[in-house]
Amino acid sequence: MNLNNSLRPASPSFQLWGGLECTVNRVRDNYFSQMERNGHAERVQDLERFASLGIRAIRYPVLWERTAPDGIDAADWSWPDERLPVLQQLGVTPIVGLVHHGSGPRHTSLVDPAFPAMLAEYAGAVARRYPWVEYWTPVNEPCTTARFSGLNGVWYPHGNSEELFVRALVIQCKAVVLSMQAIRAVNPAAKLVQTDDLSRTYGTREMAGIMDFFNERRWLGWDMLCGKIDEEHALWGYLLESGASAEELLWFKANPCPPDIVGVNYYITSERWLDHRVERYPESHRTQYRGIAHADMETPRVLATPTPGIAPLLQETWDRYGLPIAVTEAHIDANREDQLRWLLEIWNAAKKVQQNGADIRAVTVWALLGSYDWNCLVTECRGYYEPGPFDVRGPRPRPTALAAMMRELASGRPLSHPVLQGQGWWRRPGRFLAKPVATSTAVADIGERGAFRSTLPQPILVAGATGTLGHAFARICKRRNLACHVLTRQEMDIADPASVEAAIVRYKPWAIVNAGGYVRVDEAESDAGRCMRENTHGPTVLALAAIRHGLRFMTFSSDLVFDGSLARPYVESDRVAPLGAYGRSKAEAERRVLDADPQALVIRTSAFFGPWDEHNFVTQALDALAAGRPFTACADQVVSPTYVPDLVDACLDLLIDRESGIWHLSNGAAMSWAELARRACGIAGVDPAGLEERRGADLELAAARPAQSALGSERGLILPAFEDALVRYLHERETGIPSMPEKQEAAHYAS
């Protein structure tokens, strides 16, 4: 493979690229490194995983802060020395990044006049060490980084002024020019891939001044590099008023460094709506700029008619610069099906703009290993994780459905996942966070989204309509726009092969979820026959039907398959040893299901609590104690509480990922039933004085329980933390409004 020509198509073509989230941002004196958190810093094997996706190029870091924090003479090249040649050998072209939302080593910053020369010195050293590297991004997103660091005060040096924004922008752009000069002194064929957020702002007529300004400001980084800024530029006066000198601005005109590829990054937050009627919006979206109070919200959350999306923005970029373009970040923080739908929408939009004559080179899937804490702009380590094509929350990166879709896109194979038949949340009626605003914006041409548009999408078939899980699956599938049919026993008796076959023929599902079964643990001791029929024979019948029809199958097991003899949480490979009839029915079901269908997914979980039924332990405890009634809870049986909405969301993601085998899913904490009641009372503000703590032996239950059945996992802890889940449970219990784990859209690229 000729790497020097791999990104330069001889004829119109379209490539799939990948990107590694590698941000090393500074917040006061603390550095936040994505690669330390996602584990790639220690895993060279990831490079083969990346190559397996079919990508032709990867945005890959050789970061200044990590490689040479104490100067070139003290640089440690061992990390890129090991990795860059491997990418070359695997046929994946590296687009080398030097600063990614960073501010350089501690002795400099984005407002340091010496920053450009120092970065250029480092860039030259990297180029001399790897003279074969052709594609470079010396500074990622200079305009966006200048906003966060110089205007919004989020990152170092935490500026809050137009002057510091402009200073940080000018210095970063000068650093790009000098860095490319240093690189091209080594390799004259070196190419600049200059990335930034491709935003657009809409608004009410009263916000036209700020809206127009923002829509000009978004081009500033690219305009500087292209030598477009002079006395005729729309923001010339603004730049001078904000402290830039005419001499330094005209320096860019005398030293143009236009991108060889304009790299546009596009998020659900990239398009904004500004509204002077602040009372219509949540407090979290009210702000002011230049003394003008207004609301600032991502357009999908407020515009009654969706914007057309990325396609006209790509066309606008082509019309402005006439330079090759690549989408260099395409990502959404969402459930798995919407991640797939977002990628497909951007892929099809970019291809359409290319077919209309623009030179669009690629779409880059971001981020291959996911990312951490972008919902707070990486200002804290909260542990909030967004998976990408790989999920790193286990012992090794686990491919998700995005990985399979990337391989299909890269090879030109038909897209196979049925969930692509649905609309993404940004186009669904329930997307609004404020009263919808009617605009003249044209509706996106969703007919171009691909062959998966369907009026009758394939559903998920869910058995157990009357139970807690079945009810939760119905709610959450509706919210996630996943077609499903939740069936009662009369509509499908899971233990009757003929009934199961008839349901499959009628509904034509792509997956079956067994959310029903016998749940009365103590009564099972005297009703073992019925328990085995519903908990063992029924799931086996479903598994056999699923493998016969080529369907995905998921069923639920329990922590009660264990005897409690271990002094640690149980993991998936631990030996089962149930103490009672219920546990035996679940353990036998696990064996039979996986024998019948090795691709089946078996979920072990425990101790449900949730906002949608009155019979779960936490709800009963709070209702009783808040009313002053006594409540009895076992103090010597340790379990893993599981928030039902989180459980169902994770199960659906795993099902979409086509995962198989046994998974332990809980919210990750181990505690007794009594402690669970106390912790719920503490957060709810309920007096626990009426809580009566008892030993399990004193409760005179018919079925023996393990003293310790907490669930750990050797495959990955993928549910949110227990405390977070409990807070969200109480919020929905009190308000009736779902409270989801905070998503990236809340803050990622606000104006």
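How many bridges join β1 to strand β4, and in which sense do the two strands run? I counted 3 bridges between β1 and β4 (residues 57-61), and the pair runs parallel. A reminder to myself before going on: this is a predicted model.

**Entry: around β1**

I stayed with β1, which covers residues 15-19. In β4, I found I58 as the bridge partner of G18. Then I looked for another neighbour and got β14 (residues 360-366), joined to β1 by 5 bridges and also parallel. There, Q15 stands opposite A362.

Next I checked how covered β1 is. I get 5 of its 5 residues buried. In a regular strand, side chains point to one face of the sheet and then the other in turn.

I picked T555 next, which I located in strand β22 (residues 552-558). Is T555 buried or exposed? I read 5% relative accessibility, and because the cut-off for buried is under 20%, T555 counts as buried.

What does T555 touch, leaving out residues up to four places away in sequence? My list reads N514, P539, V593, L601, V602 and I603. I also noted A515, which is 40 residues from T555 along the chain, yet their C-alpha atoms are separated by 6.6 Å.

Three names in that contact list, L601, V602 and I603, sent me to strand β23 (residues 601-605). β22 and β23 pair over 5 bridges in the parallel sense. In β23, 5 of 5 residues are buried. By side, I have L601, I603 and T605 on one face and V602 and R604 on the other, with both faces covered.

I went looking for cis peptide bonds. One joins Y156 and P157, with omega about 10°. I placed P157 in the loop between α6 (142-151) and α7 (162-186). Another joins W366 and A367, with omega about 0°. A367 is in the loop between β14 and β15 (371-372), and W366 falls at the end of the range of β14, residues 360-366.

Then I turned to positive phi in residues other than glycine. R28 has phi near 55°, and I found R28 in the loop between β2 (24-27) and β3 (30-33). H101 also has phi near 55°, and its place is the loop between β5 (93-100) and α5 (115-129).

Which of these is buried and which is exposed? R28 is at 56% relative accessibility, so I put it down as exposed. H101 is at 4%, so it goes down as buried.

**Entry: the whole chain**

Last, I stepped back to the protein as a whole. I noted 22 helices and 30 strands. The C-alpha trace spans about 90 × 55 × 55 Å along its principal axes. The radius of gyration is 28 Å; a compact globule of 751 residues would come in near 27 Å, so the value agrees.

I have 60% of the residues down as buried. The accessible surface comes to about 27900 Å², and 50% of that belongs to carbon and sulfur atoms. Of the contacts between residues at least 6 apart in sequence, 78% join residues at least 24 apart. For charges, I compared the mean positions of the 78 positive and 91 negative ones and found them 4 Å apart.

How values were computed
Residues are numbered from 1 along each chain as its sequence is written. This is a predicted model: local features need pLDDT of at least 70, side-chain atom pairs count only at pLDDT 80 or more; totals for chains, interfaces and linings use all residues. Side-chain values use heavy atoms; hydrogens and water are left out. Buried means under 20% relative accessible area, exposed over 50%, partly exposed in between (1.4 Å probe, protein chains only). Helices (H or I, at least four residues) and strands (E, at least two) are DSSP runs, numbered from the N terminus. Two strands pair if DSSP finds at least two bridges between them. The radius of gyration is taken over C-alpha atoms; the globule rule is 2.2 Å times the number of residues to the power 0.38. Contact means heavy atoms within 4.5 Å. Accessible areas come from the Shrake-Rupley method with a 1.4 Å probe; for residues, only the protein chains shown count as cover. Lys and Arg count as positive and Asp and Glu as negative; His and the chain ends are not counted. The place of a charge is taken as NZ of Lys, CZ of Arg, CG of Asp or CD of Glu.
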